[in-house]
Amino acid sequence: MKYVTSDNIDVQLLEGLTAADDESRPVNLIQDEAGARRVLAKIAELGPGHFHACDTEVAQIDIKAVGPVGNGRVTCLSLYSGPDVDYGNGPYVWVDNLDSAEGTLQFFKEFLESREYQKVWHNYSFDRHVLHNHGIDVQGLGGDTMHMARLWNTARFQNGGYSLEALTADLLLQRKKPMKELFGVPKLKKDGSKGKERLMPSVEELQRFPEFRRRWIRYSVYDAESTWFLHRVLQHKLDQTLWFENRSPSTVEGDAPPPDVQPQSGSMYDFYREYIVPFGECLTDIERKGMHVDLKYLAGVEQQALEDRARLERVVLEWASRYCDESERINVYSAAQKQQLLFAPYCNEKKKLVLPAERSFDVENSEGYIEPGKQKAKKKRTITIHGLGIPPTHFTASGLPAASADVLKELAGNPDADPPRYGRAYEHFEDKEEGAAACVALKALYDISSMNTMLNNFILPLQELADSSSRVHCSLNLNTDTGRLSSRKPNLQNQPAMGKDRYKIRDAFTAPPGKKLIVADYSQLELRLMAHITQCEAMIHAFKAGGDFHSRTAMGMYPYVAKAVESGEALLEWDFSSGEKPPAPLLKDKFGNERKNAKVLNFSIAYGKTAYGLSKDFGVSRKEAAETLEKWYADRAEVRHWQQQAMETARRYGYTRTLLGRYRRLPDAMLDDNSMASKKAKAHAERAAINTPIQGAAADVVMQAMLLVHQHPRLRELGWEMVCQIHDEIIVEGPEDSVDEAMKLVVHLMEHPFKDPLSVALEVDAKVDDSWFKAK
């Protein structure tokens, strides 16, 4: 076994694979119970140890708009068990489940639900959910080639990807053609000739119409065939990749092991079977359960957000009227109009005029204005916007001044603070009343952008995606470089920070009547793992001593903060369980900005940031940032030593690893040419070599905790189920009458994810309430 296997393909593993476009191959067409029984008898003969690749084709679903839980109907199921398995008419099985054959799928229910028979899929989550729409609860996950490919090579995110088309091209040496390429019908131009755009027939049409049906069946069964061979190749790749190797306990370091004792070892395929297979089952169970939302609350929040947005639009347009005629027609959502209003006139570095002082824009002629000399109103009319000439500092890819939310925030500052903290726009105006008014209007423009994000990402999608039981079913994906989960439809990972959640979106996630939510959150997980991984004595001691680690860091950064703690003016920590109030304010309250800077510093080091990156975060010189870093490392030399080792490993071997042994490939760390592009790529890879073991370890801890919670028999008996996992939080839902017992179990499992304890204890803060917001 090697640490990381090569990308070369052993062609012997591909023996028996047919050409993707070979339509001459016979197929076992199953449309009734008799045909199903013949196939099932052969499956039984093969026994439970055999791998069967399965794939579905699905109608009545728009996968760009909705997820598969409760959406979509399976029109056919394809099955392939290997090139040497003959089901009577060759190795291909195609189960028709449309029109007169509808219901044939149910004859395979027992096989699909069996834990004994090993089924292999590509994107198991999708297939499991659409089959559940037919009352089939798929079990017996033998493998998901998407997860296997990600475990084998995380670098494919940037090169190739993990679709069936991409993986077959690289690993099977022949590309599976996508549906649009095979079945797309050219759209006719006005003159009757064929255009480049291709229109797709529906899945039902592909399966019904004679001109498509033969190719459609071949396309379907080839999906299963290619999945089976991908599983074979990826199993070989993972088998050849070292997970761990331990000497015999009786062996002394440096001595050869006795001839009759073999060192214990495991491959990454062992890792896949031990962790990722059950985790795949766990994630799909969470997706299926979904999270309950209060639709009435969301409707009220939507109304409030729309009213707030309309009010702020009026603020912006009223301010703009100082400088532009017909300002009420300005489109506050048009980037071009905002650029013109704020930054024109503007010349680039080559003295070329990019934005003229005045520019005309077409707008809707909503009141039917008729131009002089014309007899009827045009659909559009023009307005002229005069620019304010604020010097731009950020630019778009095309070289235009940027008017993004971040730019608006910088220009506005915080005019609502007491006293006001005006942004850069304030100094642009000689009349300070004008400057203050500009900052207020630009803050409103920024808030409008924030409200649109809330509406488009949360408030509206949560209402649209909720099912008949008021539950939303997001898709949880193992598709990040570090192993952290991502989610979509809706993206629950991207919730607004508590302090910025003006509409309390989390309050919309509720427990149904008679149930409660337990929200359990790891405390400073990544920093605790950094202490364990680096074996930094100062960090280990700090966590064992208790208190907030960021507050302790602030004491080291700011002598006056340390002095305040020593004199009793501020407290590092306080035990509130006694019910007594602290005699002095806590450090995190009295010195909030200092603690915030300490938090930025701690995570900057965990994420491998340089003095340059830190200087931008703190708004200080690179020299000052470097001095701050040196001061932090002075008491934590083990961290720097470990970081240097991690970067050296990446430079030498092109990978880094997580706590449980997952690999992340970093080929750019091995670049040795001096081009600017290579230097930039190498620096990014070296930061990833530091960051990935920490974030990856956090992902490992959360994964193992989720598996323990998901599989715990007592929690299942009590009726508690996971409904979401976000960042370092696990959210479970269950009956109100067993809250106390369930909370103790969840906290214990999360704090003890591994058999052997870490150098630093993991701590979990857990609360129970009726909503996610209230339990935070």
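Which strands does helix α8 (residues 210–239) lie across?

## Basis of the model

The model is predicted; local features need pLDDT of at least 70, side-chain atom pairs count only at pLDDT 80 or more, and totals for chains, interfaces and linings use all residues. Residues are numbered from 1 along each chain as its sequence is written, and side-chain values use heavy atoms, with hydrogens and water left out.

Helix α8 lies across β1, β2, β3, β4 (92–96), β5 (118–121) and β6, and runs at about 140 degrees to β2. Helices (H or I, at least four residues) and strands (E, at least two) are DSSP runs numbered from the N terminus; contact means heavy atoms within 4.5 Å. Axes are lines fitted to C-alpha atoms, for helices over the stretch in contact, and angles run from 0 to 180 degrees between N-to-C directions.

These strands form an open sheet in the order β1-β4-β3-β2-β5-β6, with mixed pairing (two strands pair if DSSP finds at least two bridges between them). Because β1 (28–30) and β6 (141–144) each have a single partner strand, one side of each lacks a neighbour in the sheet. Strands β2 (residues 51–59) and β3 (residues 73–80) run antiparallel, joined by seven bridges; Ala 59 has Arg 73 as its bridge partner in β3.

## The four-stranded sheet

A second open sheet has the order β24-β25-β21-β26 and antiparallel pairing. Strand β24 pairs with β25 (residues 729–735) over five bridges, and Glu 721 stands opposite Glu 733 in β25.

Helix α9 (residues 268–289) lies across β21 (515–522), β24 and β25, at about 100 degrees to β24. Helix α24 (residues 676–711) also lies across β21, β24 and β25, running at about 170 degrees to β24.
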